[in-house]
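Subject: A structure to look at

Hi there,

Here is the structure I promised to pass on. Please open it beside this message, and my notes will follow below.

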Amino acid sequence: MRGRQGTFDRESAAAGVSAQFDQDAASYDRLVGANPGYHDHLLLSARRLELPDRGAGTTLLDVGCGTGLSTAALAETYPAARIVAVDASAEMLARAREKTWPDSVRFVHARAEDLHSALAEQGIAGPFDGLLAAYLVRNLPDRDAGVAVLVDHLAPGAPIAVHEYSVADSTYARAVWSAVCWAVIIPLGRRVTGDASLYRYLWRSVLAFDGLARLEQRLRDAGLREVHTRPVDGWQRGIVHTVLGRR
């Protein structure tokens, strides 16, 4: 697999990933729908925020919402909360907006790094009472700066759930991830979209991403406390994780 991967310029690839998501937005839900556990794992990470009273009286931030799958997990888990969902891909966000949502859900087009100005332009005031970042941190061009922005939007004591791939600490997890990507994810992406670029990026970016110890420390360095990781089940156990913390 090392030869297949070749040279991977992570920062350049991450800087261009929004354009790749724009290109594949129309088929995104269909492709992730073929992944057993995808939706259940998002619900699991949403529940792990452990907000009381179905989120009554809270405003939640969903950064990297894509087509709204993580937003739906928050809305199902905390139906009494207000939710602000943000994504850098205009086309992914357009797909999200096409779906049926309660009035308590609002979408904003912005990069994570530009959250302050984007929310201010929309008249949305923080801080927020909880934050879900699903498959986001790995794709940030400057991870430390991006995580710092997320933390800055949390109210004191508010929880964050980083729902993310991490295989760097496990040879077995890396092998399973590469096998599934080359046997299923990349061929399926090519068949559905005609271009597997986004799914090759997915494979490479996961292999190049933080191990869990490094990711947890990155969150602590940004000012979070009570940082710890909880697993998911199914074939993605050891591959996808919920990393939790509190401001």
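A quick definition to begin with: two strands pair if DSSP finds at least two bridges between them. Helices (H or I, at least four residues) and strands (E, at least two) are DSSP runs, numbered from the N terminus. This is a predicted model, in which local features need pLDDT of at least 70 and side-chain atom pairs count only at pLDDT 80 or more, while totals for chains, interfaces and linings use all residues. Residues are numbered from 1 along each chain as its sequence is written, and side-chain values use heavy atoms, with hydrogens and water left out.

**The sheet**

The model has an open sheet of 7 strands, in the order S3-S2-S1-S4-S5-S7-S6, with mixed pairing. At its edges are strand S3 (105-109) and strand S6 (225-231), each of which pairs on one side only. From one strand to the next, the twist averages 15°. Angles here run from 0 to 180 degrees between N-to-C directions, and axes are lines fitted to C-alpha atoms, for helices over the stretch in contact.

Helix H6 (residues 90-97) packs on the sheet and touches strand S2 (82-87) and S3, with a direction about 165° from that of S3. Contact means heavy atoms within 4.5 Å.

Which strands pair in the parallel sense over 4 bridges? They are strand S4 (residues 130-134) and strand S5 (residues 159-165). Leu132 has Ala161 in S5 as its bridge partner.

S5 also runs antiparallel to S7, joined to that strand by 7 bridges, and here Glu164 stands opposite His241. S6 and S7 are paired in the antiparallel sense too, over 5 bridges, with Arg230 opposite Thr242. Strand S7 (residues 240-246) is mostly covered, with 6 of its 7 residues buried. Buried means under 20% relative accessible area, exposed means over 50%, and partly exposed is in between (1.4 Å probe, protein chains only).

**A helix pair**

Helix H10 (residues 197-208) has 12 residues, which at 1.5 Å a residue should span 16 Å; its end C-alpha atoms are 16 Å apart, which agrees. The expected span is 1.5 Å times one less than the number of residues. H10 is mostly covered as well, with 9 of its 12 residues buried, among them Tyr201, Trp203 and Arg204.

How do H9 and H10 pack? Helix H9 (residues 171-193) meets H10 at an angle of about 160°, and their axes are 8 Å apart. That makes H9 roughly antiparallel to H10 (angles under 35 degrees count as roughly parallel, over 145 as roughly antiparallel, 65 to 115 as roughly perpendicular and the rest as oblique). The residues that meet include Trp177, Cys181 and Ile185 in H9, and Leu202, Trp203 and Val206 in H10.

**Backbone details**

The peptide bond from Gly126 to Pro127 is cis, with omega near 0°, and Pro127 is found between helix H7 (115-121) and S4.

Asp53, which is not a glycine, has a positive phi near 55°. Asp53 lies in the loop between helix H4 (38-47) and strand S1 (59-63) and is exposed, with a relative accessible area of 62%.

Phi of Tyr135 is likewise positive, near 55°, in a residue other than glycine. Tyr135 sits in the loop between S4 and helix H8 (143-152). Is Tyr135 buried or exposed? Tyr135 is buried, with a relative accessible area of 12%.

Best wishes
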